[in-house]
Amino acid sequence: MSFVDSSTLTTLPALDQHQADALDFGVVKVDDDGNVLLYNKWESDMAGVPVASAMGKNFFTQVAPCTNNRLFFGRFKDGVSAGNLDTEFNYTFTYKMKPTNVVIRLLRDGSSTNWVFVAKRTV
Amino acid sequence: MTSPFPPLAERLKSKLDPQDLDSTARNLLADSFSEPIVEEMSAYATGKGDLVAELVDALGEAGDEEELYRTITDLWLELKFEWARHNQVMNYQLIRKGEADPRVMARGGVCSHVIMALESLLRPRDIAGLTSLVAAPLEHCPSED
């Protein structure tokens, strides 16, 4: 079962900054190129990246360079291209933070909006 | 006593002091990694500081801040590509074997903090440009032979 609960999924297309900031996992909304449209507090705190600094930047190449490979950005691009982005996998973040094991969910919702969800993973 | 080094060289020595890097590495890793790994990464971090000291000794007194600045950007690239390699190794290990080598994780974390220290000496526009280069280096190569 995904760490992204069903109630969150149903509110997704209209999820605003305030609602995203209330969640206890990372939420990043990106366009089809990966540019950040929404970046929540949890993600900001974990990554050490101020929300304002992330907005408008490319999540994969500028905000979170850990994700700039086929495992992560590649999966995103493939899913967006096919129109069926919905995948969950384990990952490790180390850029400018304590090495952190995470689980990632990439999702394109019913309104063709792309989401990156991040939760800490205990090993 | 007046330092023989001009301001940029002094700032570089200060920001990447081997003892400070050692402390950074220990604080970063102590609660999540074994003591042997912490000690290994402490030596790794200190080694980066020694590398910088060598650079400053070679270039610092020359008084050519533009050349030193350019060399600092070279070092940033060197470390960023090193970090990118650690990032690839740990995450492909994770996907293929179910776990990443903790040494690689630790080294990646410490390397990124050395990068952070260097970035405090660089202009934001230069960081942005260098980041773009590292994100897609092949795009800067000719597309045809």
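Here are some worked exercises on a predicted model with chains A and B.

**Exercise 1. Work out the strand order of the open sheet in chain A, and say which strands stand at its edges.**

Step 1: Walk across the sheet. Its five strands run in the order S2-S1-S5-S4-S3, and the pairing is antiparallel.

Step 2: Look at the two ends of that order. Strand S2 (36–39) and S3 of chain A each have a single partner strand, so one side of each has no neighbour in the sheet.

Step 3: Check the twist, which averages 20° from one strand to the next.

Step 4: Zoom in on one pair. Strand S1 (residues 26–30) and strand S5 (residues 114–120) of chain A pair in the antiparallel sense over five bridges.

Step 5: Helix H6 (residues 70–82) of chain A touches S3, S4 and S5 of chain A, and its direction makes about 10° with that of S4(A).

**Exercise 2. Is A:Arg108 buried, exposed or partly exposed?**

Step 1: A:Arg108 lies in strand S4 (residues 100–108) of chain A.

Step 2: Count the neighbours. There are 18 other C-beta atoms within 10 Å of A:Arg108.

Step 3: Apply the cut-offs. Buried takes 20 or more and exposed takes 12 or fewer, so A:Arg108 comes out as partly exposed.

Step 4: See what A:Arg108 touches. Leaving aside neighbours within four places in sequence, its contacts are A:Gly79, A:Val80, A:Gly83, A:Leu85, A:Asp86 and A:Asn114.

Step 5: A:Pro13 is 95 residues away along the chain, yet the C-alpha atoms of A:Pro13 and A:Arg108 are separated by 10.0 Å.

**Exercise 3. Describe chain B, then check whether the span of H3(B) agrees or disagrees with what its residue count predicts.**

Step 1: Start with the fold. Chain B has six helices and zero strands, and its C-alpha trace spans about 55 × 50 × 25 Å along the principal axes. Of its 145 residues, 32% are buried.

Step 2: Among the buried residues of H3(B) are B:Val38, B:Met41, B:Ala45, B:Val52 and B:Leu59. The buried residues of this helix pack against helix H1 (7–15), helix H2 (18–29), helix H4 (65–97) and H5 of chain B.

Step 3: Take one packing pair. Helix H3 (residues 35–59) and helix H5 (residues 102–119) of chain B pack at about 35° with axes 10 Å apart, in a right-handed crossing. Residues that meet there include B:Met41 and B:Tyr44 from H3(B), and B:Ala106 and B:Val110 from H5(B). That contact divides into eight nonpolar, no polar and four charged residues.

**Exercise 4. How many residues of each chain are in contact across the interface, and which part of chain A supplies the largest share of its side?**

Step 1: Count both sides. 15 residues of chain A are in contact with 19 residues of chain B.

Step 2: Sort chain A's side by element. Helix H5 (59–63) and strand S3 (86–93) of chain A each supply at least two residues. The largest share, three residues, comes from S3(A).

Step 3: Chain A's side divides into six nonpolar, seven polar and two charged residues.

Key:
Residues are numbered from 1 along each chain as its sequence is written. Chains are lettered from A and ligands numbered from 1 in the order in which they are written. This is a predicted model: local features need pLDDT of at least 70, side-chain atom pairs count only at pLDDT 80 or more; totals for chains, interfaces and linings use all residues. Two residues are in contact if their C-beta atoms, placed from the backbone, lie within 7 Å. Helices (H or I, at least four residues) and strands (E, at least two) are DSSP runs, numbered from the N terminus. Ala, Val, Leu, Ile, Met, Phe, Trp, Tyr, Cys and Pro count as nonpolar, Asp, Glu, Lys and Arg as charged, and the others, Gly among them, as polar. Axes are lines fitted to C-alpha atoms, for helices over the stretch in contact, and angles run from 0 to 180 degrees between N-to-C directions. A crossing is left-handed if the near helix is turned anticlockwise from the far one by less than a right angle, and right-handed if clockwise. Two strands pair if DSSP finds at least two bridges between them.
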